[in-house]
Number of protein chains: 2
Amino acid sequence: MREYLIHDEWNIIEEGFQPENHKSSESIFSLGNGKMGQRANFEETYTGPTLQGSYVAGIYYPDKTRVGWWKNGYPEYFAKVLNSPNWIGIDVQIDGHFLDLYTCKTENFRRVLNMQEGFLLREFTAIMDDGKKVAVTAKRFVSMADTEIGAIRYSVTPLNFEGKISFTPYLDGDVENEDSNYDEKFWNLIDMEAHSGEAYIVTETKKLGFRAGFGMMTKTFIQGVEVKIQPEIMKKEAWVGNRFEKEVKEGEEFSIEKIVGVTSSLNYSKNDILVATKKSTKAGFDKGFDQLFSSHSNEWKQKWVHSDIKIEGDIAAQQGIRFNIFHLHQTYTGEDERLNVGPKGFTGEKYGGSTYWDTEAYCIPFFISTAPSNVTRNLLIYRYKQLDKAIENAEKLGFKDGAALYPMVTMNGEECHNEWEITFEEIHRNGAIAFAIHNYIRHTNDFKYLEEYGLEVLIGISRFWSQRVNWSGEKKKYVMLGVTGPNEYENNINNNWYTNKMATWCMKYTTEAIAKVKQNNADAFNQICNKTNFKAEVELAKWKEITDQMYFPFNEEINVFMQQDGYMDKEHILVKDLDPKQRPINQYWSWDRILRSCYIKQADTLQGIYVLEEEFDLETIKRNFEFYEPRTVHESSLSPCVHSILAAKIGLTDKAYEMYLRTSRLDIDDYNHEAHEGLHITSMAGTWMSVVEGFGGKRVYDGKLYLNPIIPKQWKKYAFRLTFMNNDLEVIVSKDKIEVVSHSDNPIELYVYGKLIKAEPHQIVETEAH
Amino acid sequence: MREYLIHDEWNIIEEGFQPENHKSSESIFSLGNGKMGQRANFEETYTGPTLQGSYVAGIYYPDKTRVGWWKNGYPEYFAKVLNSPNWIGIDVQIDGHFLDLYTCKTENFRRVLNMQEGFLLREFTAIMDDGKKVAVTAKRFVSMADTEIGAIRYSVTPLNFEGKISFTPYLDGDVENEDSNYDEKFWNLIDMEAHSGEAYIVTETKKLGFRAGFGMMTKTFIQGVEVKIQPEIMKKEAWVGNRFEKEVKEGEEFSIEKIVGVTSSLNYSKNDILVATKKSTKAGFDKGFDQLFSSHSNEWKQKWVHSDIKIEGDIAAQQGIRFNIFHLHQTYTGEDERLNVGPKGFTGEKYGGSTYWDTEAYCIPFFISTAPSNVTRNLLIYRYKQLDKAIENAEKLGFKDGAALYPMVTMNGEECHNEWEITFEEIHRNGAIAFAIHNYIRHTNDFKYLEEYGLEVLIGISRFWSQRVNWSGEKKKYVMLGVTGPNEYENNINNNWYTNKMATWCMKYTTEAIAKVKQNNADAFNQICNKTNFKAEVELAKWKEITDQMYFPFNEEINVFMQQDGYMDKEHILVKDLDPKQRPINQYWSWDRILRSCYIKQADTLQGIYVLEEEFDLETIKRNFEFYEPRTVHESSLSPCVHSILAAKIGLTDKAYEMYLRTSRLDIDDYNHEAHEGLHITSMAGTWMSVVEGFGGKRVYDGKLYLNPIIPKQWKKYAFRLTFMNNDLEVIVSKDKIEVVSHSDNPIELYVYGKLIKAEPHQIVETEAH
């Protein structure tokens with residue numbers, strides 16, 4: 001834990017500059033707009049420890065795989081999120097000396113991430129070696145409205161002298177990734193230009209040849225009034241800039257506005273990048289900083305209307321949930337079906353790739369309830385478009401006849417990961433991808449999606465499962481050998497309950513989906529059969545045979561589902577009895593020790609119970625929770641939210657609250673000492689789930705919405721907004737009552753504590769709290 | 001398979017030069033003397049594909065670990081066998097053109113590895129681009145008598161012209177390892193000198209600073225008569241040489257003898273290397289090529305007396321077994337307890353390290369029966385000296401109180417391997433190391449070894465096992481979770497029968513050894529207790545409790561030991577029913593598919609039955625063999641020998657012969673298409689085992705020698721030599737009789753087909769064959 005940030009409802013605030021926290025702050029104060037993102041690196045020179053990070057969505061580098069020992073089937077490359085050319089840079093000189101917070105003294109340093117309006121503000125007084133003091137203010141944002149624009153306003157005021165101050169805004173294409181496998185740089189320079197008051201750079205990634213263009217235009221001001229200064233026009237290798245120098249009086253504010261346009265070959269043809277960048281930069285520049293900001297903050301206002309969660313009486317919890325929601329919106333806006341939600345979003349390089357099962361298992365529940373349905377639909381279509389690659393991927397592993405295995409980690413549908421126990425064996429991801437289709441449909445009734453896209457994916461996935469199991473002559477059941485479940489602290493195990501459960505669910509749901517499509521649109525069904533070469537009779541019979549006779553490990557004595565075969569052979573010492581000095585165990589124990597221990601990294605059997613909750617009665621959920629929670633170390637960011645939801649379900653409100661705090665403030669308070677690498681973006685959706693599905697008890701079954709709210713004793717009141725069947729409603733939970741506020745033009749039906757509630761358009765319906 | 005070598009009893013012969021086989025031949029025709037070794041690289045320039053390999057025993061480079069995903073407990077480095085400075089080089093120019101077999105035409109090319117006398121001979125006619133023909137002969141050896149000396153005689157005879165021929169003998173320190181993890185070079189130059197007729201180079205390894213010195217002195221001859229030629233003295237970066245040029249007449253033989261001295265800081269202080277190298281080189285040079293060769297070939301004669309296996313009626317088998325014995329002797333002579341038997345010996349870089357469990361499990365059975373007992377004793381002492389590191393290694397994995405886990409791969413006792421499923425889990429190696437102590441003692445009655453060294457090792461190993469098991473509340477037995485057995489086609493499995501068996505055996509044997517030492521030398525025992533802090537009562541009781549209640553997977557239905565938990569859950573399709581196009585499966589299947597298949601890479605349960613054969617009756621052995629052999633793909637070089645021995649035991653002579661051929665000609669016929677990387681040195685000892693223990697039926701129980709010979713129908717007769725209790729005997733097996741020939745000065749007792757035979761000194765005793 002590292003609690004250096006100030007609690008506040010709408011802002012993340014750091015007071016006093018501590019270089020040892022800077023890399024964490026660079027992550028925490030990151031900005032993004034779904035199309036690009038930027039760590040909270042300083043504009044001016046900074047010679048201390050930093051992770052420079054500027055990211056353009058959809059651009060990656062296929063970095064040649066690095067392994068100790070190669071295994072057949074490993075991918076050739078790991079797709080890396082790319083640190084892109086630096087567009088925020090503004091070198092500042094005070095009478096010839098570079099301003100550098102690592103070497104000068106600072107006073108009244110304050111860094112604020114304003115989440116309500118989406119900007120980063122930095123204010124401080126710097127005291128230079130020669131005693132000269134300057135007050136500095138820097139504000140920047142990455143526009144949600146003009147999505148190719150980033151804007152910076154940077155001001156310096158001499159406090160105790162009159163002297164020469166210079167700003168050198170620049171664009172730097174000579175950047176590197178910290179996690180390059182072979183210490184290569186990933187970009188080549190294509191083009192650059194520098195003129196008075198503007199500069200442009202176009203770079204291209206090695207190997208795949210993605211192009212990105214960066215343009216800047218600047219204005220300078222004295223006391224807020226524009227002044228024209230003839231800059232020195234500068235060019236270095238893959239670097240262009242302007243240097244503006246001015247004699248500034250004591251107490252006079254010298255400012256620069258840098259408007260930056262960023263484009264990429266995802267959206268323009270490669271040869272047009274320079275022109276497009278110029279156009280984009282000019283458009284932004286013409287609007288100007290203030291107007292850009294106004295449109296930008298309006299966009300944020302809209303986002304908050306539909307996705308804010310208000311918590312009264314608990315600022316830490318309030319700040320935590322908004323921080324999570326804020327970063328989710330910064331990472332993914334749902335406008336581009338080629339993009340996805342990377343585990344670190346635009347806040348770091350780690351884990352490369354863009355797409356893990358996190359998207360389906362955690363992010364979709366968030367987006368489906370807080371954003372228009374097309375956002376989720378685009379995330380689903382992303383996988384549909386990668387179905388061919390998933391089939392190829394399965395073929396590499398010996399599967400056939402259209403069986404599809406989606407990759408563990410991917411950018412373009414190809415597998416990127418290279419640990420056999422994960423790449424080849426953590427196959428439950430296929431289940432989450434299928435389930436997301438179901439989840440989307442039950443929230444939207446968009447059955448059309450099945451015909452158009454979903455059914456093909458479901459068939460591919462079910463085929464995979466049907467080939468992945470085998471008949472055990474000993475158990476006289478179908479078994480699934482050699483898998484890794486969500487609990488990655490077990491590898492290459494047999495009959496992971498969760499995976500077996502999801503596999504069975506997939507085959508059953510695909511069977512239902514087939515019936516549905518057949519009934520709704522027989523032509524469409526026939527087309528799908530032809531396209532996928534689907535032999536309905538044989539394949540459906542096979543699936544039924546398997547689902548009827550699937551083996552699920554179960555312990556009769558304690559009446560609990562067993563995470564996998566042999567789990568009860570382990571030594572069972574509970575987490576509470578572990579030496580705290582040995583935790584987190586992944587930092588202190590060798591891998592084999594972790595594997596043979598009973599400790600669970602993240603919800604596994606409980607994940608299954610969470611996903612398929614309707615199949616289990618409350619007693620079963622309780623028994624399993626009480627068995628597994630004391631054995632779970634939650635060393636994955638994706639774990640506490642699920643436990644929080646189930647704890648809430650079975651009435652363990654304190655446990656639910658403990659788990660909620662852990663997930664919501666994971667990065668702000670840096671629980672795992674890893675915020676410097678980037679934020680846990682996808683688990684942030686889990687935080688939202690733990691409020692809405694946990695405390696709020698939100699469920700959707702058969703196209704019906706259910707709420708069973710409880711409220712932690714630490715809270716006075718909380719409220720969340722939901723989109724359901726394209727209707728918009730707000731739920732306000734206080735100690736004594738539940739208010740359902742309709743923001744919809746249609747009547748809404750839902751169940752609160754099992755009781756049907758009908759809310760007329762824009763009506764508020766109250767229910768007594770249980 | 002690649003059968004390009006000619007069958008011959010004593011020689012390996014290649015006729016006609018095929019560059020595509022050259023890298024394999026470089027391995028197969030390698031030379032060594034236990035202290036250094038040299039692949040059969042050409043002396044003259046060769047621009048075709050080659051793996052340059054010159055190795056000095058005990059010198060290695062700790063190459064920074066390369067992994068995809070780091071796991072706690074991984075070692076910092078992988079110790080690499082080092083390609084050392086090139087000392088064989090002699091560039092040859094014919095009228096200014098370099099002789100290069102990759103670019104010129106050759107006729108009558110013949111390469112011979114004479115195993116009886118231990119030399120490499122090459123003869124060919126080269127036709128240069130301009131039509132000039134030269135006859136070339138090159139002979140070299142690495143002296144078994146003068147172990148710091150290598151010697152080359154190289155002759156060129158112009159066949160159709162008179163012209164200038166030059167020899168440039170050189171020493172080249174600028175060499176690299178093909179398998180460098182980060183493309184670094186591993187050597188620095190320390191010193192070099194070149195004078196007329198001699199040159200020296202001293203290099204030092206990076207990081208650990210091992211030094212090696214190489215010296216050369218040369219003589220030139222015309223028609224065998226020495227001629228003095230003033231050489232051009234040459235120096236380049238880390239390269240020294242002399243160039244001897246001579247106008248040579250048609251039909252006249254121009255020759256050079258290059259005598260090389262090689263020393264290292266293993267045997268000299270670092271600053272003395274240059275002086276020692278000069279001295280060593282001079283001593284060799286003074287003896288001269290012919291005298292050096294005569295001493296060398298005498299050494300080989302002695303080695304063959306004690307270890308030859310003669311097979312009549314089957315040249316391929318004869319050649320195979322001699323090839324294996326020859327390379328074992330070249331790799332390890334047992335004179336230096338700091339050395340060990342690397343899996344590729346001096347024939348390639350692959351697998352780095354020097355010491356695997358191969359040494360104890362395969363090589364010791366060979367050396368204990370063919371070499372003086374101190375050779376095996378030195379191999380055991382090597383592990384004794386590394387006990388502290390084994391204890392440290394276990395501590396890294398969470399073990400305590402003196403538990404020892406020997407590394408999977410090591411040079412100096414530190415673990416080098418970095419695959420969790422092997423490094424941390426393939427712990428059966430500890431069992432082989434303990435068993436080797438027992439094996440040594442039962443062959444020698446050297447119980448003193450236990451007091452001096454063995455018992456401490458046994459205690460450390462037994463402590464490890466006692467901590468590695470845990471009580472299963474479910475099975476009500478001790479279990480061992482998360483291991484990899486000898487069959488590496490299963491990872492992270494529970495209750496590997498072999499590992500559980502060996503663990504139990506270790507604890508029982510240590511208990512017996514303690515009793516023995518206590519009885520023989522109570523003082524020594526007390527000292528060991530103090531040194532190891534051994535709490536006899538408590539620890540022995542714990543071991544007994546575990547061994548009494550250990551779990552061994554067993555299938556009641558088929559009455560067969562189960563390789564591990566869940567083995568019968570797999571799909572059981574026999575190897576014979578596998579698509580041959582899919583084999584070897586390790587080249588065609590992804591790792592997960594291999595893991596969940598029933599296919600066995602190498603003897604596992606059968607390995608245990610082989611090692612502890614006396615515990616099992618013939619029916620049990622048969623049943624288990626008949627179950628496991630059809631499921632074994634033998635994709636490890638260490639597998640067929642064990643199956644061959646057991647097949648012989650249960651009367652499946654044809655199967656035993658098939659397995660024997662596979663092991664004995666594995667490299668000569670390049671079964672696995674990997675001879676180019678180096679030879680399977682340690683499995684060569686398995687070949688010896690398959691003749692002596694398999695066909696010969698040699699066993700030792702309770703200090704008594706048993707033989708149960710059978711003879712494959714393909715053979716007329718075979719004979720092998722044995723050292724047992726320091727007595728020397730020969731066993732000649734023909735279709736109708738067994739002759740035991742005593743070469744000992746003491747009477748020998750042994751059992752042939754269970755009948756006690758007494759051989760007086762130098763007597764021959766005949767028994768009828770069964």
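In this predicted model, helix α16 of chain B, spanning residues 618-628, has three buried residues to look at: Asn624(B), Phe625(B) and Tyr628(B). Looking down the axis of α16(B), the buried residues sit within an arc of 100 degrees, so they line one face of the helix. On the face of α16(B) turned away from the buried side, Leu618(B) and Glu619(B) are exposed. As for what sits over the buried residues of α16(B), the cover includes β26 (560-561), α15 (605-611) and α17 (640-649), which also belong to chain B.

Turning to the two chains, 39 residues of chain B are in contact with 39 residues of chain A. On the chain B side, β23 (470-472) and α14 (591-596) each put in at least two residues. The top contributor there is α14(B), with five residues. Sorted by class, the chain B side that touches chain A comes out at 11 nonpolar, 14 polar and 14 charged residues.

Over in chain A, helices α19 (653-664) and α20 (681-695) pack at an angle of about 155 degrees, and their axes are 9 Å apart. An angle over 145 degrees counts as roughly antiparallel, so that is how α19(A) runs relative to α20(A). Their crossing is left-handed. From α19(A), the residues that meet α20(A) are Ala656(A), Met659(A), Tyr660(A), Thr663(A) and Ser664(A). Their partners in α20(A) are Ser683(A), Gly686(A), Thr687(A), Ser690(A), Val691(A), Gly694(A) and Phe695(A).

Conventions
Residues numbered from 1 in each chain as written. Chains lettered and ligands numbered in written order. Predicted model: local features only at pLDDT ≥ 70, side-chain atom pairs only at ≥ 80, totals over all residues. Buried ≥ 20, exposed ≤ 12 C-beta atoms within 10 Å, placed from the backbone. Helix = DSSP H or I, 4+ residues; strand = E, 2+ residues; numbered from the N terminus. Arc of directions from axis to C-beta. Contact = placed C-beta atoms within 7 Å. Nonpolar A, V, L, I, M, F, W, Y, C, P; charged D, E, K, R; others polar. Axes fitted to C-alpha atoms, helices over the stretch in contact; angles between N-to-C directions. Parallel < 35°, antiparallel > 145°, perpendicular 65-115°, else oblique. Left-handed = near helix turned anticlockwise from the far one by under 90°.
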